[in-house]
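Student: I'd like to go through this model with you and ask what the labels really rest on. Can we put it up first?

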Amino acid sequence: MRRGRLGQNRPGWNAALAGPGLPRLWLLSDTRRLPDPRPVAASLPPGSAVLARDLDPALLPSLAALARRRRLVLMVAGDGRAALAHGAGLHLPDRRPAKGLLPLLLARRSGRRVLLSVAAHGRAGLARARRLGADLVLLSPVFPTASHPGAPALGPLRWAALARRAGRPVIALGGVTPKSSRRLPPVAWGWAAIGALMGGGGHPQELLPRGHSVSRMSRFAPLRDGRPQSA
């Protein structure tokens with residue numbers, strides 16, 4: 001196998017984790033709307049992902065323990081060393097610096113199967129994902145979102161055009177609800193949300209539209225010590 005710079009091994013992304021290996025439903029923490037994702041995460045179906053963004057570091061150990069018990073995939077935003085320490089994957093925010101990226105890329109290059117996701121808002125983010133050999137992309141905002149009121153949305157057509165250029169599975173983020181998810185193009189591997197997974201007191205799996213491919217939830221067992229476990 002020809003090797004280039006870190007993250008640029010061929011194939012560029014971890015094809016072995018595609019198919020049932022990548023989560024389709026993602027819960028995101030948020031400093032304003034969901035600073036503690038543990039109660040919502042406890043009701044997610046196995047195989048779902050929890051993305052810890054701007055999380056109080058004191059909550060991360062208990063969130064990691066919850067993810068192991070519930071067979072969830074924990075992703076840590078912007079801190080590769082924290083991700084490795086908690087048996088989690090790493091999510092790289094767009095337009096924001098990340099720390100500890102080199103140790104995580106070295107772990108991946110050595111064969112440790114640690115998930116890497118990248119946030120993107122356009123072509124530059126997609127190019128970054130390709131350059132780093134990311135496993136998947138969170139592309140946003142597909143619809144107008146409460147997290148960024150007034151920000152222009154890509155819309156389903158432009159979102160789909162960008163997603164087809166990613167060369168890896170793409171998660172739809174931004175204003176996704178059970179109703180709006182019916183407008184997601186088939187190229188969407190899954191979707192991520194905050195409010196849609198909090199509202200109504202219903203079980204998150206019940207919030208998924210049955211007719212959409214995202215409803216066929218991944219049953220992938222979560223990462224433990226950075227490695228996928230059999231169900």
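Tutor: Let's start with a term: a nonpolar core is a set of buried Ala, Val, Leu, Ile, Met, Phe, Trp, Tyr and Cys residues joined through side-chain atoms within 4.5 Å. Buried means under 20% relative accessible area, exposed over 50%, and partly exposed in between, with a 1.4 Å probe and protein chains only. This is a predicted model, where local features need pLDDT of at least 70 and side-chain atom pairs count only at 80 or more, while totals for chains, interfaces and linings use all residues. Numbering runs from 1 along each chain as its sequence is written, and side-chain values use heavy atoms, leaving out hydrogens and water.

Student: So which residues have the most contacts inside the largest nonpolar core?

Tutor: W26, L139 and W159 do, in a core of 68 residues. Helix α2 (residues 60–70) gives the largest share, 5 residues. Helices here are DSSP runs of H or I with at least four residues, and strands are runs of E with at least two, numbered from the N terminus.

Student: What does W159 touch?

Tutor: Contact means heavy atoms within 4.5 Å. Leaving out residues up to four places away in sequence, the partners of W159 include L139, L154, V170, I171 and A172.

Student: What makes α2 a helix with one buried face?

Tutor: L60, L63, A64, L66 and A67 are buried there. Seen down the axis of α2, these buried residues fall within an arc of 160 degrees, so they line one face of the helix. The arc is that of the directions from the helix axis to the C-beta atoms. The buried residues of α2 pack against α1 (38–41), β2 (49–52), β3 (73–77) and α3 (80–85).

Student: How do you know that both faces of strand β7 (residues 170–173) are covered?

Tutor: V170 and A172 are buried on one side, and I171 and L173 are buried on the other. In a regular strand the side chains alternate between the two faces of the sheet.

Student: Why do β6 (residues 136–139) and β7 count as paired?

Tutor: Two strands pair if DSSP finds at least two bridges between them. β6 and β7 have 3 bridges, in the parallel sense, so they qualify under that rule. L139 stands opposite A172 in β7. β7 also runs parallel to β8 (residues 190–193), again with 3 bridges, and L173 has A192 as its bridge partner in β8.
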